[in-house]
Amino acid sequence: PAGEVPTTAPVMNKALKYIKMCQNWKDDPNQLTEHDDGGFVFTPREGKAGEKNPGGSGNLRFVSYGSVTLDGIRSLILLGEAKDSSRVKAARDWIATNYNLEMVPGFPPGAMVDFAHGLRYYYYMDMAKTMQVVGDPVMRTPQGQETRWSEGLAVYVAGLQRPDGSWANGVSVMNEDDPLFATGMALHALAIALGHQQ
């Protein structure tokens, strides 16, 4: 497990380098462009939420989206990046600015594959796990708007529970329509969110 490997180990340094390549961000503030919004993409070579500047000049970039940005925040911190680094802050700003519990933010409406709704339960679990690592009960946008993520998440996910006690997604693209799959993720999200309420 990563917790047993020192963050200074070569394998951890390589992992951190790769994770940084998946973020729409640059460490040099003088090199930041309108494409550097702080969010993350699936891989440096693939964007599940689409492309930025397709057919235009410059390097092809990919659109940031919610679940992978949460993964990115957690990965950065667990791999040794400081919680107050510009990279972590930029990703947290993206999540707070695009906060949405009805769908995974970042995916374009009407996409051929409905990841925005098909990844919802993973996104809820991801949000809880990531914010637990961050250790902040509040999401804050750069403009100062605050959201108490644990309260909002707990209420929303609890409201999706079905009469038989299970959870299931109406979109099958990521197999979250299977109650055994979705229920486990919903309970994981709820357990963390309820545990962080003051």
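Predicted model: local features only at pLDDT ≥ 70, side-chain atom pairs only at ≥ 80, totals over all residues.
Residues are numbered from 1 along each chain as its sequence is written, and side-chain values use heavy atoms, with hydrogens and water left out.

**Stop 1: E176 and R120**

Stay on E176, which sits in the loop between α6 and α7; helices here are DSSP runs of H or I with at least four residues, strands are runs of E with at least two, and both are numbered from the N terminus. A polar atom of the E176 side chain also lies 3.3 Å from the backbone nitrogen of R120. Now show the R120 side chain, in helix α5. What is the distance from E176 to R120, the nearest side chain of opposite charge? It is 6.7 Å, and E176 is buried yet has no salt bridge. R120 is likewise buried without a salt bridge. Here buried means under 20% relative accessible area, exposed over 50%, and partly exposed in between (1.4 Å probe, protein chains only). A salt bridge needs a side-chain nitrogen of Lys or Arg within 4 Å of a carboxyl oxygen of Asp or Glu. For opposite charge, Lys and Arg count as positive and Asp and Glu as negative, with His and the chain ends not counted.

Around E176, display its contacts (heavy atoms within 4.5 Å); beyond its neighbours within four places in sequence, they include G118, L119, N169, F181 and M185. For R120, select L101, E102, M103 and Y156, which are among the residues that it touches.

**Stop 2: N175**

Step back to N175, in the loop between α6 and α7. Most residues other than glycine have a negative phi. N175 is not a glycine, yet its phi is positive, at about 65°. Is N175 buried or exposed? At 52% relative accessibility, N175 counts as exposed.

**Stop 3: helix α7**

Select residues 179–195, the 17 residues of α7. From first C-alpha to last, α7 reaches 23 Å, close to the 24 Å expected at 1.5 Å a residue, where the expected span is 1.5 Å times one less than the number of residues. At the start of α7, a side-chain oxygen of D178 comes within 2.9 Å of the backbone nitrogen of L180. Colour the buried residues, among them A182, M185, A186, A189 and A193; the buried residues of α7 pack against α5 (120–134) and α6 (149–159).

Zoom in on A186, which is buried, with a relative accessible area of 0%. Its C-alpha is 6.1 Å from that of Y121, although 65 residues along the chain separate them. Beyond four places in sequence, A186 touches Y121, V157 and W167.

**Stop 4: the nonpolar core**

Next, select F107, Y124, M127, W149 and L153, which touch the most other members of the largest nonpolar core, a set of 46 residues. Such a core consists of buried Ala, Val, Leu, Ile, Met, Phe, Trp, Tyr and Cys residues joined through side-chain atoms within 4.5 Å. Helix α5 gives the largest share of this core, eight residues.

**Stop 5: helix α3**

Move to α3 (residues 86–97), where you will find A90. A90 counts as buried, at 6% relative accessibility, and touches Q23, W25, D37 and G38, not counting residues up to four places away in sequence. The buried residues of α3 pack against α1, α2 and β3 (139–140).

**Stop 6: salt bridges**

How many salt bridges does the structure hold? There are 13.

- R61 and D36 meet at 2.5 Å, N to O. R61 lies in strand β2 and D36 in the loop between α1 and β1, so the pair ties together parts that are 25 residues apart in sequence.
- E46 and K48 meet at 3.1 Å, N to O. E46 counts as partly exposed, at 34% relative accessibility.
- R140 and D136 have their closest N and O atoms 2.7 Å apart.

Note on methods. Polar contact = N/O pair within 3.5 Å; in protein donor to acceptor, adjacent residues only side chain to side chain.
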